[in-house]
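Q: Please take a close look at one part of this structure, the pocket region, and describe it in one connected account. I would like to know how it is lined and how it sits in the rest of the chain.

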Amino acid sequence: MLEVQNLTKRYNKTLAVDDVSFTVDTGRIGILLGPNGAGKSTVIKSIAGLLRYEGGVGINGIPARRLEAKKIFGYVPELPALFPNLTVEEHLEYIRRAYGITASQEETIRLLERFDMDDKREKLGSELSKGMMQKVSICCALLIRPKVLLLDEPMVGLDPKAIKELKEVILELKEDGATVLISTHMLEMVQEFWDDVFVMDQGHILAVYRREEVSDQNLDDLFFSVTEKGEKHE
């Protein structure tokens, strides 16, 4: 479970996120949906512990700042940042040691093979394209077997096969009882597998939709009915 309570973030005098609260329950896929500049990345970076903020974040009932929460939490940033002088394989080894996980070499190779990166194992971070760097970031997040996974615009820069694999992985995580939150402005990428949608604009949550409550409505229609009117809905 991911709980965000009264999250507020200011950059000097600019209020980027204003008292945002939402919950993604265990075994559900939440979508933080909004246009560019809505405040989505600020929320994501705050949850991930990259920004100071007011409010609270809980990971499976544990405050997100505590080490116990970080050990079960995976994060894929919008802009992948790899160590330039580590190989792809060394990045995964670094994660394995940092988290103290027991993933085998075979498990690591299978993960790389799934994202067509097994033949890039000896490539340095500085030698990879943005799409390849994104795949490495995804593999690193999956290697820890997260109970809560956060993805910020994860499909930007990925090739069609990698997008297909990532969607399958997300559904597998859901099946295993993990909680997933995806931040995106690309409605077509999440149409088929969302459970909860949090429509965000100008630093606020404008509407919350649960699939079982709006099953007969198109996500595009729901999104634009809110963002074009600028009205708040519950």
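A: The account below starts with the chain as a whole and then turns to the pockets and some residues around them.

This is a predicted model, in which local features need pLDDT of at least 70 and side-chain atom pairs count only at pLDDT 80 or more, while totals for chains, interfaces and linings use all residues. Numbering starts from 1 along each chain as its sequence is written, and side-chain values use heavy atoms, with hydrogens and water left out.

The chain contains eight helices and ten strands; these are DSSP runs numbered from the N terminus, with helices as H or I of at least four residues and strands as E of at least two. Its C-alpha trace spans about 50 × 35 × 30 Å along the principal axes. The radius of gyration is 18 Å, which agrees with the value near 17 Å that a compact globule of 234 residues would have. That radius is taken over C-alpha atoms, and the globule rule is 2.2 Å times the number of residues to the power 0.38. Of the 234 residues, 50% are buried, where buried means under 20% relative accessible area, exposed over 50%, and partly exposed in between (1.4 Å probe, protein chains only). Among contacts (heavy atoms within 4.5 Å) between residues at least 6 apart in sequence, 70% join residues at least 24 apart.

The largest pocket has a volume of about 790 Å³. Pockets are found on a 1 Å grid over the protein atoms alone: a cavity is a set of points where a 1.4 Å probe fits but cannot get out, whereas a pocket is an open set with protein on both sides within 12 Å along at least five of seven lines, and lining residues have an atom within 4 Å of a point. Grid points are joined across faces, edges and corners, and the volume is the space filled by probe spheres set on the points.

The lining of this pocket consists of 27 residues, and those nearest the centre are Tyr75, Tyr94, Ile95, Tyr99 and Cys140. At least two lining residues come from each of α2 (67-70), β6 (73-76), α3 (88-99) and α5 (130-143). Helix α3 has the largest share, with five residues. By class, the lining holds 22 nonpolar, three polar and two charged residues; here Ala, Val, Leu, Ile, Met, Phe, Trp, Tyr, Cys and Pro count as nonpolar, Asp, Glu, Lys and Arg as charged, and the others, Gly among them, as polar.

His91 lies in α3 and counts as buried because its relative accessibility is 5%. A polar atom of the His91 side chain is 2.8 Å from the backbone oxygen of Thr87. Leaving aside residues up to four places away in sequence, His91 touches Leu82, Phe83, Leu86, Gly125, Val136 and Cys140. Leu92, also placed in α3, is at 0% relative accessibility and so counts as buried. The C-alpha atoms of Leu92 and Cys139 are 7.7 Å apart, although 47 residues separate them along the chain.

Helices α4 (105-114), α5 and α6 (160-175) each give at least two lining residues, and α4 gives the most, four. This lining has seven nonpolar, one polar and seven charged residues.

Arg145 sits in the loop between α5 and β7 (148-152). At 42% relative accessibility, Arg145 counts as partly exposed. Its phi is positive, about 55 degrees, although it is not a glycine. Most residues other than glycine have a negative phi. Asp19, in strand β2 (residues 14-24), also has a positive phi, near 55 degrees.

Asp116 is in the loop between α4 and α5. Asp116 counts as partly exposed because its relative accessibility is 35%. Beyond residues up to four places away in sequence, Asp116 touches Lys135 and Lys161.

Note on methods:
A polar contact is a pair of N or O atoms within 3.5 Å; within protein, one must be able to donate a hydrogen and the other to accept it, and residues adjacent in sequence count only if both atoms are side-chain atoms.
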